[in-house]
Amino acid sequence: MGWDFETDAEFQKQLDWIDEFVQAEIEPLQFVLGSPYDLEDPNRERLIRPLQKEVQVRNLWACHLGPELGGQGYGQLKLALMNEILGRAPHAPTVFGCQAPDSGNGEILAHYGTPAQKAEYLEPLLKNEVVSAYSMTEPQGGADPKVFTCRAELVGDEWVINGEKWFSSNARYASFLILMAVTDLEAPPYQRMSMFIVPRSTPGVEILRNVGVGLEDKEGSHGYVRYTDVRIPKDHLLGEVGQGFVVAQTRLGGGRIHHAMRTVGKVRHAFDQMCERVLSRETQGEVLAQKQMVQEKIADSWLQIEQFRLLVLRTAWRIDRYKDYRRVRKDIAAVKALMPTVYHDVYSRALQLHGSLGASNEMPFANGVIDSFHMALADGPTEVHKVTVARQVLGEYRGTDDLFPTTHLPKLRAAAIKKYADVIERQVAVQ
Ligand SMILES: Cc1cc2nc3c(=O)[nH]c(=O)nc-3n(C[C@H](O)[C@H](O)[C@H](O)COP(=O)(O)OP(=O)(O)OC[C@H]3O[C@@H](n4cnc5c(N)ncnc54)[C@H](O)[C@@H]3O)c2cc1C
């Protein structure tokens, strides 16, 4: 029997340490630091670097990577258990060296970079000496990459890039961007594009705006980036010409499941807050927890979280087991499609049960509700992932040529009577 829902004792010790460390040392950082990606912030350097060293000493740095890249080769299941703790604190992934989009960009560079590129871009990225951005979505469309127009043309020994990209997160802090651009207008849609490394200091890379999300009232961190005659060396192409989508898949599979793992941590955190509140706040002579409609919210939240967590862990287990993202495409798409609903529902209920305090900016719930849309959009909208789930599931079935379904009861009954005709006659005879 291979089913097991227990964590081995040795690894549990690591998780216990991570849990305490995140609570004591990392959760408070969100109140004193700005973006975890802002390497120019001296306070960030003073506070985050020593914590990163502590994580390295405990061999917990960049656990999403294999040993050849300085990680532990933990695999996705252990990573899931770790990430659900890290999800609680916005600065935790950076302290543990597994923050998106650098983690995914690192995977691309590890797969497709030349030795020189690995030395120049990957090594400092893995050490968090630099940060990066992923520049794929365009202002006229993100869900359908076939509408992309940003062009890269080979002129002599250089690629010349022209076009605009939208929502390139952290572009303002990045020292390079991984960019997807059209290289062959005539090719079939999914062979039209290629992937490139673009150093941000290259002339012609211009951030038009740093767009914010939801309730943010200051400058945001999602770059609206214009590329005008940007010239990069020929070897800054990643993979082959026309392989942009194949290269993108290298990062998206892992990226989606890692977001889901951290989302488990976020929703559990909101759930803990919700439970504390309903056991503390009284109305009409009793605590909220005694009202049935409140109990329903607690039960619904717990059910959603546990179902989601099990799906995430099972998907992580399948990734480790099959080591082939194509074989777990349905599972990853399912996790991605479910994540925003669970996130949104749990944070909405937590907001509601905290009343006016919940709606205020003195609690994190309104931001969580907005952030659930981040999870519903980044790395592709929910609808597209549901289509993938449905297609993959339907691929496991066949239709019937019969007018009535194969499970039509009269048909099954007739078959059963035929199968047991002898026995039934004898039984009748005995009676
Ligand atoms: C917080 C955040 C961070 C992001 N970071 C990055 C980043 O770093 N780099 C990057 O390149 N992009 C990033 N994105 C962009 C993200 O990938 C896109 O938002 C996403 O792909 C959707 O594209 P769009 O916003 O243009 O929406 P559209 O393509 O205009 O789609 C709008 C809506 O139409 C519906 N829809 C679309 N297609 C279908 C379909 N096939 N069937 C049914 N309904 C459909 C969905 O409801 C969808 O949300 C980020 C987005 C957010 C919100």
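Modeller: A crossing is called left-handed if the near helix is turned anticlockwise from the far one by less than a right angle, and right-handed if clockwise. Residue numbers start from 1 along each chain as its sequence is written. The model is predicted: local features need pLDDT of at least 70 and side-chain atom pairs count only at pLDDT 80 or more, while totals for chains, interfaces and linings use all residues.

Biologist: How many helices and strands does the protein chain have?

Modeller: The C-alpha atoms of the protein chain fill a box of roughly 95 × 65 × 40 Å along the principal axes. Helices (H or I, at least four residues) and strands (E, at least two) are DSSP runs, numbered from the N terminus. On that basis, the protein chain has 14 helices and ten strands.

Biologist: What percentage of the residues of the protein chain count as buried?

Modeller: A residue is buried with 20 or more other C-beta atoms within 10 Å of its own, exposed with 12 or fewer, and partly exposed in between; C-beta atoms are placed from the backbone. Of the 431 residues of the protein chain, the buried share is 40%.

Biologist: Among contacts in the protein chain between residues at least 6 apart in sequence, what percentage join residues at least 24 apart?

Modeller: Two residues are in contact if their C-beta atoms, placed from the backbone, lie within 7 Å. Of the contacts you describe, the share that joins residues at least 24 apart is 71%.

Biologist: What distance separates the centres of domain 1 and domain 3?

Modeller: The assignment, automatic or from a database, gives domain 1 (9–99), domain 2 (132–238) and domain 3 (248–394). Twelve residues of domain 1 are in contact with 16 residues of domain 3. Taken over C-alpha atoms, the centres of domain 1 and domain 3 are separated by 21 Å.

Biologist: Are H7 and H9 roughly parallel or roughly antiparallel to each other?

Modeller: Axes are lines fitted to C-alpha atoms, for helices over the stretch in contact, with angles from 0 to 180 degrees between N-to-C directions. The axes of helix H7 (residues 244–280) and helix H9 (residues 329–353) come within 9 Å and cross at roughly 20 degrees, and this crossing is left-handed. Angles under 35 degrees count as roughly parallel, over 145 as roughly antiparallel, 65 to 115 as roughly perpendicular and the rest as oblique. H7 and H9 are therefore roughly parallel.

Biologist: Which elements do the buried residues of H5 pack against?

Modeller: Helix H5 (residues 102–112) is mostly covered, with nine of its eleven residues buried. The buried residues are Asp102, Ser103, Gly104, Asn105, Gly106, Glu107, Ile108, Leu109 and Tyr112. They pack against helix H6 (115–126), strand S1 (132–135), strand S4 (176–182), strand S8 (237–238) and H7.

Biologist: Is the peptide bond from Ala100 to Pro101 cis or trans?

Modeller: Pro101 has its place in the loop between helix H4 (92–95) and H5. Omega of the bond from Ala100 to Pro101 is near 0 degrees, and the bond is cis.

Biologist: What is the phi of Phe167?

Modeller: Phe167 is found in strand S3 (residues 158–169). It is buried, with 23 other C-beta atoms within 10 Å. Its phi is positive, in a residue other than glycine, at near 65 degrees.

Biologist: Where does Asp379 lie?

Modeller: Asp379 has a positive phi of about 65 degrees although it is not a glycine. With 23 C-beta neighbours inside 10 Å, Asp379 counts as buried. It lies in the loop between helix H11 (365–377) and helix H12 (382–394).

Biologist: How far apart in space are Met195 and Gly244?

Modeller: Met195, in strand S5 (residues 193–199), counts as buried with 28 C-beta neighbours inside 10 Å. Not counting residues up to four places away in sequence, Met195 touches Ile178, Met180, Leu238, Gly239, Gly244, Val247 and Ala248. Met195 and Gly244 are 49 residues apart in sequence, and in space their C-alpha atoms are apart by 4.9 Å.

Biologist: Is Phe11 buried or partly exposed?

Modeller: Phe11 is found in helix H1 (residues 9–26). Phe11 and Met82 are 71 residues apart in sequence and 9.8 Å apart in space, C-alpha to C-alpha. With 14 other C-beta atoms within 10 Å, Phe11 is partly exposed.
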